[in-house]
Amino acid sequence: MPSYPRHYATGEAMPPTVPGKLRLYSMQFCPFAQRARLVAEAKGLDYEVINCNLKKKPEWLLERNPNGQVPALEHDEKVLYESLIVADYLDDAYPGRKLKSSDSYQRAQDDLIVNQFGSKIVPAYYKTLRSPPEGRDAAVQELIEKLSVLEKIMSKRAKPFLGGTEVGMVDLMIWPWCHGLGSFPVFKAVLEKCTTLKKWIDSMYTVKAVNATSMSPELLGKFYAGYQSVDAVFDF
């Protein structure tokens with residue numbers, strides 16, 4: 001699993017930028033930020049990661065993204081933020097294999113998957129992760145129901161990836177939360193039911209970019225156990 005630089009907090013000076021060097025402002029446990037790192041790794045880009053403490057945000061992060069969120073991209077005074085926008089820009093603006101389909105209809109279908117994943121599955125994922133013991137079974141069942149649509153799509157399209165024989169943008173954009181499904185014990189029943197999804201997850205672990213950006217279950221567990229605290233720990 002990867003080793004990440006420390007997280008910068010309020011009051012700390014920003015590391016100086018290097019002319020011509022692509023920079024991603026990130027947080028090592030943030031699934032939205034992982035989207036950008038996945039694309040950068042999949043395309044073999046030369047880039048640097050500057051991690052930010054999202055509980056005590058450095059002022060210079062807010063200057064680059066007024067929302068104070070990650071990822072944010074900076075390259076020679078060009079600044080972008082929002083994970084899907086950053087991911088698309090990296091794919092469009094830099095050389096290497098294009099991660100989005102060259103077919104217009106396929107691209108639209110892929111965008112639908114990512115959109116529905118974000119609006120339906122991600123909320124159910126966090127509801128399950130944060131549910132009290134007495135409400136967990138119901139939350140797990142709801143998540144399984146939300147994933148059933150994705151299961152049907154994967155049964156038709158995953159060869160072994162949604163992008164085909166090679167991993168595509170659609171795979172990378174839903175991966176961070178699917179990695180979480182395989183990392184937290186609370187989701188064990190989900191993967192026992194969603195066998196097609198489990199097979200796809202296993203295939204994703206053969207992808208170099210996935211292994212270069214995914215945290216170990218132990219680290220994820222440590223982080224999420226304390227994230228609700230004001231003094232949440234970002235560096236382990």
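**Exercises on a predicted model**

**Exercise 1.** Across which strands does helix α3 lie, and at about what angle to β5 does this helix run?

Solution. The model is a predicted one. Helix α3 covers residues 83-93 and lies across β2, β4 and β5. Its direction is at about 130° to β5.

**Exercise 2.** Place the strands in the sheet and find which of them stand at the edges.

Solution. Step one is the order: the five strands form an open sheet, β1-β3-β2-β4-β5, and the pairing is mixed. Step two is the edges: β1 (7-8) and β5 (78-81) each have a single partner strand, so one side of each lacks a neighbour in the sheet.

**Exercise 3.** Decide whether histidine 75 is buried or exposed.

Solution. Histidine 75 belongs to strand β4. Its relative accessible area is 16%. The cut-off for buried is under 20%, so histidine 75 is buried. Leaving aside residues up to four places away in sequence, histidine 75 touches Gly20, Lys21, Leu22 and Tyr94.

**Exercise 4.** Describe how α1 and α3 pack.

Solution. Helix α1 (residues 31-42) lies across β2 and β3 (47-52), at about 150° to β2. The angle between α1 and α3 is about 5°, and their axes are 9 Å apart. Angles under 35 degrees count as roughly parallel, and the two helices are therefore roughly parallel to each other. Residues of α1 in the contact include Phe32 and Val39, and those of α3 include Leu84 and Leu90. By class, the contact has eight nonpolar, one polar and two charged residues.

Definitions and conventions: Residues are numbered from 1 along each chain as its sequence is written. This is a predicted model: local features need pLDDT of at least 70, side-chain atom pairs count only at pLDDT 80 or more; totals for chains, interfaces and linings use all residues. Side-chain values use heavy atoms; hydrogens and water are left out. Two strands pair if DSSP finds at least two bridges between them. Helices (H or I, at least four residues) and strands (E, at least two) are DSSP runs, numbered from the N terminus. Contact means heavy atoms within 4.5 Å. Axes are lines fitted to C-alpha atoms, for helices over the stretch in contact, and angles run from 0 to 180 degrees between N-to-C directions. Buried means under 20% relative accessible area, exposed over 50%, partly exposed in between (1.4 Å probe, protein chains only). Angles under 35 degrees count as roughly parallel, over 145 as roughly antiparallel, 65 to 115 as roughly perpendicular and the rest as oblique. Ala, Val, Leu, Ile, Met, Phe, Trp, Tyr, Cys and Pro count as nonpolar, Asp, Glu, Lys and Arg as charged, and the others, Gly among them, as polar.
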